[in-house]
Amino acid sequence: MSDLPRRLELPSPLGFALLVAAAALVITSLQGIGFSASGFFSGLPHMGRMLGEMFPPSLERAAPMGKALLETFQMALVGTVAGVALSLPLAVLATRHLSPHATVYHAARALIALFRTVPDLVWALFFVVAVGLGPFAGTLATTVDIIGFCGRFFAEAMEEAERGPQEALHALGAGRAAVIAAAVIPAAMPSLINTSLFSLEKATRSSVVLGLVGAGGIGIELQVSMDLFRYAEASAIIIAIFILVVAVEQCSAWLRRRLI
Amino acid sequence: MSAIELAVATPPDLEVGGLSKRFGRVEVLRDVSLAVGKGEAVALIGANGAGKSTLLRSCLRLVEPDAGRVSLLSNDVCSLGAGALRRLRARVGFVFQRHNLVPRLPVLSNVLHGAVARCAGPRAWFHEIAPRALREEAMSCLERVGLADLAARRADQLSGGQSQRVAIARALMQRPELMFADEPVASLDPAAGEEVMACFLDLIRRERLTLVFTTHDLRHALDYGDRVVGLRGGRVTIDAPSAALDLPGLRSFYE
């Protein structure tokens, strides 16, 4: 008889030790964050009261809210456009077979990794110090965040672009620029469009919170409303954010269908 | 002047001497020597992995040979700098087995790419921004392969035979002096293959172009080649005028 796949087995001693260690890690982490079930349940009435006060949402400050919402979208839009535009050349340098030199390739990869791994809120703190409070700092933070995101995916798309057409262009005497523009980018285009539209959605969501560190947008409005216990105002802001994010997502889905 | 005297008087378009290339531990080309005269059509035959494609690619340094020399249109290929190499490549058409068109671009842009090396800047990258004269030349190249009505179609919406014709038009756009073709019809069904091959060879003869092509179709080798060169294990083992060869003899070469 051929081998039957085995039944569930007891783990080996080493496997068992690892399981115990993982469980211990979760339990100490629960202690570390001060988890308390009683705290959660005693907090429920507060949450209920807060929710009650949130409705109906107050439109008293509709005008400044609208302005902040528009600013949030503008930060996301400009940050995305600048980020995508800067990502393209950086991604070319970070694509192994297109990069002019191995050192340049590794430097470009390292820069993209740095932009990607440092969270956007940290970049916002940095730019608030560098250029002052306001949406410009937020836009710069968004730009850097988008470069980290797009740079990586653009480079991957270019790396995966079909090599045959590139070889054909080399064979007929094309230089690097022509090969990139006429063969690599057209091949990677669906992926580039997709990533760019996704960045716009991502940038919109992150622009909302950048206000919390003073980098412009609607985040600061939300924080002020919460700090002053104006929950009805806060709920209006949350609904406005929801509408903005959903609208951007819908537009980007529509564009994606049209363009790809 | 007779053809033989002419061949003596003009230097060969392609002269390969002692060419060797290895990929890792595999010796793909071993001491290959070959000369192709002006206007000659040479068929390269040999089993898969015999080194045919590598030989063609080495002549344009799409693959860097390890040793040996290549003289192409009176240029010492191995000593050329990047710019001179590009200018030389522009004078040689190359038709690939897999056509290698840029899939998402229109047919006309793909043909226009043939002019990339002689046009500075992005003028020959996309037909939408190309000057009128270039667009018209690309259109006439398409007409010569009988596909003028497909100029606006995207390259990935063509049949195999159409793609290869467009690739031939792209090579014509280079105004080539010599043409390489690497199994130009191997990816096509037999009917389309015959059609494309006939169209291709007709153009080659009309332009009096020198041609080096690889093929697995021995009948093509005998019909379209003035000379047949056989590679086996990276070495030249046959080099004879096709008039002196026959089909059964060539078949036994593969055994």
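Analyst: In chain B, the axes of α6(B) and helix α7 (residues 190-207) come within 9 Å of each other and cross at roughly 15°, where axes are lines fitted to C-alpha atoms, for helices over the stretch in contact, and angles run from 0 to 180 degrees between N-to-C directions. That makes α6(B) roughly parallel to α7(B), since angles under 35 degrees count as roughly parallel, over 145 as roughly antiparallel, 65 to 115 as roughly perpendicular and the rest as oblique. The crossing of α6(B) over α7(B) is right-handed, a term used if the near helix is turned clockwise from the far one by less than a right angle, whereas anticlockwise gives left-handed.

This is a predicted model, in which local features need pLDDT of at least 70 and side-chain atom pairs count only at pLDDT 80 or more, while totals for chains, interfaces and linings use all residues. Residues are numbered from 1 along each chain as its sequence is written, and chains are lettered from A and ligands numbered from 1 in the order in which they are written. Helices (H or I, at least four residues) and strands (E, at least two) are DSSP runs, numbered from the N terminus.

On the α6(B) side, the residues that meet α7(B) are G160(B), G161(B), Q164(B), R165(B), I168(B) and L172(B); their counterparts in α7(B) are A192(B), E195(B), V196(B), C199(B), F200(B) and L203(B), with contact taken as C-beta atoms, placed from the backbone, within 7 Å. The residues of this contact divide into 7 nonpolar, 3 polar and 2 charged, where Ala, Val, Leu, Ile, Met, Phe, Trp, Tyr, Cys and Pro count as nonpolar, Asp, Glu, Lys and Arg as charged, and the others, Gly among them, as polar.

Most residues other than glycine have a negative phi, and most peptide bonds are trans. R175(B) is partly exposed, because 15 other C-beta atoms lie within 10 Å (20 or more make a residue buried, 12 or fewer exposed, and counts in between partly exposed, with C-beta atoms placed from the backbone). R61(B), in the loop between α2 (52-59) and β4 (67-72) of chain B, likewise has a positive phi, of about 55°, and with 18 C-beta neighbours inside 10 Å R61(B) counts as partly exposed.

Elsewhere in chain B, P241(B) lies in strand β10 (residues 235-241) and counts as exposed, with 10 C-beta neighbours inside 10 Å. Leaving aside residues up to four places away in sequence, P241(B) touches D226(B) and R227(B), and its C-alpha atom is separated by 9.0 Å from that of V42(B), 199 residues apart along the chain.

A cis peptide bond, with omega about -5°, joins F55(A) and P56(A), and P56(A) sits in the loop between α2 (37-54) and α3 (62-93) of chain A. Where the two chains meet, the contact takes 18 residues from chain A and 22 residues from chain B. On the chain A side, α7 (163-171) and α8 (176-210) are the elements that give two or more residues, and by class that side has 13 nonpolar, 4 polar and 1 charged residues.
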